[in-house]
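Subject: Handing over the structure

Hi,

Here is the structure I said I would pass on to you. Have a look at it first, and then read on for my notes.

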Amino acid sequence: MKDQESHEGSRISLRTPSIEMTSQQMLNSSSYPEPEAGYSSPNTLPTNAVSQIASDGNRSEPIRERNLLQRFCRILSVAGFALILGWVGTFYELKRLAVGLSPWVSLSSFLAGSVVLESAWAALTLGLAATLRRRFFCRWICPTGQCLDWAGSFGKRLGLKGVPFPKIGWGIALATLAGALLGYPLMLWLDPLALFAAGVQAVRLNPANTVVYGLLPLSIILITVVFPGLWCTRLCPLGGFQETLYSIGHLECRSSGTREQAKEQAARSAGMVAGQIEKTPRRIDSKQDSEDESVLRSSRRVAIASAGGAILGWFAVCHTTSSKPRLLRPPGAVEESVFTGLCVRCGQCVESCPESILFPQPLESGWLGWFTPVVHFEEGYCREGCTRCTEVCPSRAIGRVKPAEKVQAIIGFPQVDMGVCLLGEEAECWACVRACPYSAIRYEFSEETYTTIPVIDPRRCPGCGACQVACPTKPKAIVVAPGHPLRPVSRT
Amino acid sequence: MNRRDLLRRLGISSVAAVGWGAGVTGGMGAQTAVNQPAGSGSAEGSGFQSHTISPRTSMPHRANPTLVRGKVIQPQREIPILHQTDVLVVGGGSAGVVAAIAARRTGAEVTLVERYGHFGGLWTGGLVVLITGHIVKGGKQVCQGIGEEIMQRLEKLDGGIIDRRPGVDPTVDAEAAKYLMVEMVEEAELKVFLHCWGVDAIVRDNEVLGVVFESKAGRHAVLAKVVVDATGDGDIFATAGAEFEHRSHNIGLVSRVGNLDRIEPPPEAAAKVKEIMRRLGRPTPVTGVHWVNMRGPEADGLDLETLTRMELNHRKFIWRHLQQVRSQPGFERLYLVETAPQLGVRITRVLLGVSMVRWSDMEAGVQLPDVVGYGGGTAREWPIPYGSLVPEKLDNLLAAGRCIAAEMRMADLVRLIPNCFVTGHAAGVAAAVAVQDGCRPRDVDVKKVQRILREQGAYLG
């Protein structure tokens, strides 16, 4: 490969000195600078240019057209995704499906949360497409890829170049899946669709949340500006996952046919540089090439990635289950031990909450739970019958809840401090009992002591926080605390 | 001073001297010595201000119930008509007094009847001296009109009201309030009957024509064009046959404790003192005197057994609790000023009206077409529709105060003192308008009622 690069690079430098290269083109050519020793030419390689140069005129035209078509599709997809994710009030189903399209997210949430997403069929289709067509999703659909394309070309215009960096996207994907098998998907939040959703929500949310949710997408954009193409080709776990799928899809070819055949078929199904490869004057060393084509190039690396992911996943699960519930999670949230892993940090739940009681908390949630949504009952409470956050969650970190079953979606349970409660001074306060939408609070009078205390029926109370909001004391006498009498503390 | 006066004075002092001497020497004997002259027929010349009104008489219009085959039967009898009026307000509590004054100011002839010897009902007699429920979030006061006038006038009385600042619930002195209401009732030139307990409605064809009252003078009827039921328990609409919801609520008994400015607890017991003080109520306009609320158990305020048990138990508890507090170091000087004359019955009967006070109306923030007032005590003001004062079927009667038609959670707000001012104001004006226009209260021109209410300073959004 490096031979090819340097060879072709020199040809470009001769004939077309300044050709813009997009990450899409880099994807097609896999021509992001290799970190391996012997890397000589710092110039990145524009595939279009190569094919144009290398092939005869009648071959270059369809490729150019296809590239234009791909670009058009992805621009359309950027608009479509932004519209669906950013649309106020409606398209709740679609919002969820939008991020759920990622086969990596779908598989992870299936492994970790044992749920089949509604978007699973679409994700499965895309996954299958990726086994047949190399990085099918990246080329035709990925809105993040298109945005990073633009960021990359901006960087190029500034004269910034890529640096050698190993491909680690497939490693991230595999490690996360291995972790998911043990109950904790490690880095699901690196999914490009989740990043795109977070970026869209960051624009729509209030300033504080904009900073939170904009941080990750923005840093990836910055990375791409500085190192054009780095994210898409080297880091993106969805890209790496697709390449893994592709490799799996072509393992058979490798074992049954010759390496030459495998390589050629791979190149052909990738649907681009076929002409280039055929016409390349010097044949590439077949071992090197197949290594580049196949992500599963070394069983050792695969083993390391999977084992590492599994160990980290196991460690994460142990870390979260050993501590008591400390946080109020949105209604329907899965167990805390899985929640921080399954949550893709897309910010859609925070944005969708009509009462604005969900907040991304970088500190409270511990180091594993950065930016995961927590509930704060300062301003509002979790409305009875409202299931918006559960509807928009793409990975089912917040499981689906039917409006009628909202009372079973436990957030926490109220604790009363009788040292503060106005009933302790016999005041005419009925605030919590009046506010409770589930009629779960009852005031119990004692004939002996002539005192009255609020008693909360755990069967009726999901910890919606209406009592806490209504409580007139400062500090609040009734506060919803994590945990619930009917839901025992998760195992240690 | 003439000779007779002198003799009379000497007579009093001599009797007092005898009494005093007997009191010192021999206990019970003193009682007989003092009582003897009073018991001996005519007081003429004895120096007592007691005279024979009628030497030998019996109750008029008697037709005693009698036992017929094991059942007590009340024979037919005539009830004398005591008075005839335009608007009859039954109940001189916070809602009734305001209703009577409002109806009078609207131009009707008004009669106000009260079961106790003072005005104010639970506000004064029940020692519910905290004015709460007139403010919404942001400090806006929704109780205006005559209710606000009462508070302003209390402010002018020395020791009438404290904490009267924007956004704060003030506390009144019950005696100041009683006095002020006497003043206002007299200014309004109302016909007043005290010590009359409304026991029955006079009804013909679903129309209330008046009310029968029980008193020391026996039964009397007052006839009226429109009756305002401000009894709190809805006694009149209930006896007239209107449908209502029978509810239970907490029943407590308020008391007042004195010398709270003279407690000298040891400084090391600060936490304990704080705990004790939490159950010693809130300040009143009288220095060192706190009013102590009691929530009490949830019970049926219409059940005689319950009411009796509550009274007995509550009084026992109040006394014993104070003794317990007094046993704490530094609290020895505390004393029980009084227990409220009236048991704190919060909600009993709630009218089933043409419409009702609804939580959803507050949430929606809608301007009801027949709004006659706004209540508070919540984050947002809640509208009181005119229909919540009007019984579903019964005519010539309007409800006011805590018994108007309201949802369960709203009834708890309707019952608060300032909200009773508001419903009383609305009922009074509407009753007077019905009399003036010669129509049934349910057919009253609500626009006119609203206009007059606004003229009288009421807040209608």
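How many bridges join β16(B) to strand β17 of chain B, and do they run parallel or antiparallel? There are two bridges between β16(B) and β17 (residues 290–292), and these strands of chain B run antiparallel. One pairing to look up is B:Arg282, whose bridge partner in β17(B) is B:Trp291. Before going further, please keep in mind that this is a predicted model.

**The sheet in chain B**

The two strands belong to an open sheet of four strands in chain B, in the order β16-β17-β15-β19 and with antiparallel pairing. At the edges stand β16 (282–283) and β19 of chain B; each has a single partner strand, so one side of each has no neighbour in the sheet. As a reminder, strands of a sheet pair through backbone hydrogen bonds, in either a parallel or an antiparallel way.

**The helix across it**

Helix α8 of chain B lies across β15 and β19 of that chain, and α8(B) runs at about 165° to β19(B). This helix covers residues 304–326, which makes 23 residues. From first C-alpha to last, α8 of chain B reaches 33 Å, close to the 33 Å expected at 1.5 Å a residue.

Which residues of α8(B) are buried? They include B:Met310, B:His314 and B:Ile318. The cover over the buried residues of α8(B) includes β14 (249–252), β15 (255–258), β18 (298–299) and β19 (335–339) of chain B.

**Nonpolar cores**

The largest nonpolar core has 124 residues. Those touching the most other members are B:Val87, B:Ala99, B:Val228, B:Leu398, B:Ala430 and B:Ala431. Helix α11 (residues 417–437) of chain B gives the most to this core, with 13 residues. Why does the core lie between domain 1 and domain 2 of chain B? Both domain 1 (81–247 + 348–455) and domain 2 (250–345) give residues to this core, so it lies between them.

Leaving aside residues up to four places away in sequence, B:Val87 touches B:Ala103, B:Ala108, B:Val110, B:Ala224, B:Lys225, B:Val226, B:Val228, B:Ala431, B:Ala432 and B:Val435. A second, separate core has 114 residues, among them A:Ala151, A:Ile220, A:Cys346 and A:Ala466. In soluble globular proteins, nonpolar side chains tend to be buried together.

**Chain A**

Chain A has 24 helices and six strands. Of its 492 residues, 51% count as buried. Among the contacts in chain A with a separation of 6 or more, 74% come from residues 24 or more positions apart.

Chain A also holds a cis peptide bond, between A:Lys474 and A:Pro475, with omega about 0°. You will find A:Pro475 in the loop between α24 (466–470) and β6 (478–481) of chain A.

**Two backbone angles in chain B**

B:Arg69 is not a glycine, yet has a positive phi of about 50°. The loop between β1 (66–68) and β2 (71–73) of chain B is where B:Arg69 is found. Is B:Arg69 buried or exposed? B:Arg69 is exposed, with 5 other C-beta atoms within 10 Å.

B:Glu189, also not a glycine, has a positive phi of about 55°. B:Glu189 has its place in the loop between α5 (174–187) and β9 (191–193) of chain B. With 10 other C-beta atoms within 10 Å, B:Glu189 is exposed.

Best wishes

Notes
Residues numbered from 1 in each chain as written. Chains lettered and ligands numbered in written order. Predicted model: local features only at pLDDT ≥ 70, side-chain atom pairs only at ≥ 80, totals over all residues. Expected span 1.5 Å × (residues − 1). Buried ≥ 20, exposed ≤ 12 C-beta atoms within 10 Å, placed from the backbone. Contact = placed C-beta atoms within 7 Å. Pairing = 2+ DSSP bridges. Axes fitted to C-alpha atoms, helices over the stretch in contact; angles between N-to-C directions. Core = buried A, V, L, I, M, F, W, Y, C linked by C-beta atoms within 7 Å. Domains from an automatic or database assignment.
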